[in-house]
Amino acid sequence: MRQRGLNAVRRRKWVRTTDAGHALPVASNVLNREFTASQPNRKWAGDIMYVPTAEGWLYRAVIIDLFSRRVIGWSMSKRIDQRLTRLAIVMALRTRRPN
């Protein structure tokens, strides 16, 4: 392989990022899979994604307004914690300034 300039592709280790087996409170599903809104700032949705990089995992939290379908808040971090989501929500609040 070395003589032909070939390299083996290594599989990345699977990383578990969520823990559903806990006793912490879980938020109710208030959207009930209705992802449309009649006005801005009526319904926001968020998600956390992770991206493998050469330096490790990078986590990104995003908040979108379901009316415009635009990103209104986001944050990135090496850790998946409360700070990651809090910063995304703060950016969304500062961007949109809802009542």
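I began with tyrosine 59, which counts as buried because its relative accessibility is 8%; buried means under 20% relative accessible area, exposed over 50%, and partly exposed in between, with a 1.4 Å probe and protein chains only. The model is predicted, so local features need pLDDT of at least 70 and side-chain atom pairs count only at pLDDT 80 or more, while totals for chains, interfaces and linings use all residues. Residues are numbered from 1 along each chain as its sequence is written, and side-chain values use heavy atoms, leaving out hydrogens and water.

I next searched the whole structure for aromatic pairs and found 2. The rings of tyrosine 50 and tryptophan 57 form an edge-to-face pair, because their centres are 4.9 Å apart and their planes stand at 75 degrees. Rings of Phe, Tyr and Trp (its six-membered ring) pair if their centres lie within 6.5 Å; planes under 30 degrees apart count as stacked, over 60 as edge-to-face and the rest as tilted.

Tryptophan 57 counts as partly exposed because its relative accessibility is 26%.

Lastly, I turned to methionine 91. I located methionine 91 in helix α1 (residues 82–96), where helices are DSSP runs of H or I with at least four residues, numbered from the N terminus. Its relative accessibility is 30%, so methionine 91 counts as partly exposed.

Key
Helix = DSSP H or I, 4+ residues; strand = E, 2+ residues; numbered from the N terminus.
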